[in-house]
Amino acid sequence: MQLQLFKTLWGHSGSLLEAADQAVAAGFAGLEGNADVSQKHRNELQSALQTRSLHYIQEIVTAGGYVPRRLATVDEHVADVERQLQLGRSLDPQWVTIIGGCDAWTLEQSVHFFGEAREIAARMNIGCSFETHRSRSFFNPWTTLDILQRLPELKLTCDFSHWVVVLERQLDDDWDAVSEVAKHAQHIHARVGYDQGPQVPHPAASEYADALASHQRYWETIWSIQRDKGNAFTTMTPEFGPDGYLHTVPFSRLPVANLWEINAWMGKTEREHYQTWQDSNQALTVV
């Protein structure tokens, strides 16, 4: 099984060609980002992907920004999925990750949304997964497991950093939930959360070594399940981002670290981590 890394366009301030060149230089396989943009922007993204021979993962956000409009209906969320799937078709996404639903919904509302969204993607012959994200239906493990019991065919984009801050703890004591959710994992967002936040200031910092190690255990669980299923590859997007996620110095608001350097470090570290994990498993198989 091969690890494919993707560069997130979230927080990228340069041109799309510059983003593509950064991805290539870092050994990433592609870009991940939203297609709900101007036609000019989509054309530039398509050109950058094609000229640099990169894959694409489309990101869909329903009913507003990363935090949905509180009073948006289930049908509005569903319509957003269909509309954005249509927008992204010309970019030929390898996969679509959907940030959808609302944390205030009932179980029935969430089940209705995910069922409808999955059927729309299936009719369009587009693979999709749904992200574990704060403010959304999959904002904690227990609600997620309840929905998965009703819709066991759903695939997930696992970003465990959201759950860490919602639960105010790492998930090592909730391993039953991690193991069950990992069975549905299609894609990983590699951001390291800590008890009081979804993003550590820098994952290389020694004071956050335990948080990094915990997240790496979650990701290894996903890799093990995907390997046993016979997957040819596993995908991961280092997804440290802006918008209050990246820590800043008080008063000056200067960022404490360079966002791309953090994500490039995360990618390099996880490539090495994946190789170590793979070598370890091969050694156990030989024995």
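Reader: Which element gives the largest share of the lining of the largest pocket?

Author: That share, 3 residues, comes from β2, and the elements giving two or more residues to the lining are β2 and β3; helices (H or I, at least four residues) and strands (E, at least two) are DSSP runs numbered from the N terminus. The model is a predicted one, in which local features need pLDDT of at least 70 and side-chain atom pairs count only at pLDDT 80 or more, while totals for chains, interfaces and linings use all residues. Residues are numbered from 1 along each chain as its sequence is written, and side-chain values use heavy atoms, with hydrogens and water left out.

Reader: What makes up the lining of the largest pocket, and which residues lie nearest its centre?

Author: The lining has 14 residues, and Leu9, Trp10, Gly33, Asn34 and His41 lie nearest the centre. The space in this pocket is about 220 Å³, a volume being the space filled by probe spheres set on grid points that are joined across faces, edges and corners. By residue class the lining divides into 6 nonpolar, 6 polar and 2 charged, where Ala, Val, Leu, Ile, Met, Phe, Trp, Tyr, Cys and Pro count as nonpolar, Asp, Glu, Lys and Arg as charged, and the others, Gly among them, as polar.

Reader: How many cavities of 30 Å³ or more does the structure hold, and why is a space called a cavity and not a pocket?

Author: There is 1 cavity of 30 Å³ or more, and the largest cavity contains about 50 Å³ of space. On a 1 Å grid over the protein atoms alone, a set of points is called a cavity because a 1.4 Å probe fits there but cannot get out, whereas a pocket is an open set with protein on both sides within 12 Å along at least five of seven lines; lining residues have an atom within 4 Å of a point. The lining of the largest cavity consists of Trp10, Tyr66, Ile99, Glu131, His133, Asp159, His162, Arg191, Glu239 and Tyr245, which divide into 4 nonpolar, 2 polar and 4 charged residues.

Reader: Why is Glu131 called buried?

Author: Glu131 has a relative accessible area of 2% and is therefore buried, since buried means under 20%, exposed over 50% and partly exposed in between, with a 1.4 Å probe and protein chains only. Glu131 belongs to strand β5, and beyond its neighbours within four places in sequence its contacts (heavy atoms within 4.5 Å) include Thr97, Ile98, Ile99, Asp159, His162 and Glu239. In strand β5 (residues 128-131), Ser129 and Glu131 point one way while Cys128 and Phe130 point the other, and all are buried. In a regular strand the side chains alternate between the two faces of the sheet.

Reader: What makes the strands a barrel, and in which order do they close?

Author: The 8 strands close in the order β1-β2-β3-β4-β5-β6-β7-β8 with parallel pairing, and two strands count as paired if DSSP finds at least two bridges between them. Neighbouring strands of this sheet are turned by 30° against each other on average, direction ignored; axes are lines fitted to C-alpha atoms, for helices over the stretch in contact, and angles run from 0 to 180 degrees between N-to-C directions. Helix α3 (residues 74-88) packs on the sheet, where it touches β2 (30-34), β3 and β4, and its direction makes about 155° with that of β3.

Reader: How many bridges join β1 to strand β8?

Author: β1 and strand β8 (residues 233-238) run parallel and are joined by 4 bridges, with Thr234 in β8 as the bridge partner of Leu3. On its pairing with β2, strand β1 has 3 bridges, again in the parallel sense, and there Lys7 is partnered by Leu31. Strand β3 (residues 55-61) pairs with strand β4 (residues 95-99) over 5 bridges, and β4 pairs with β5 over 3 bridges, where Thr97 stands opposite Ser129.
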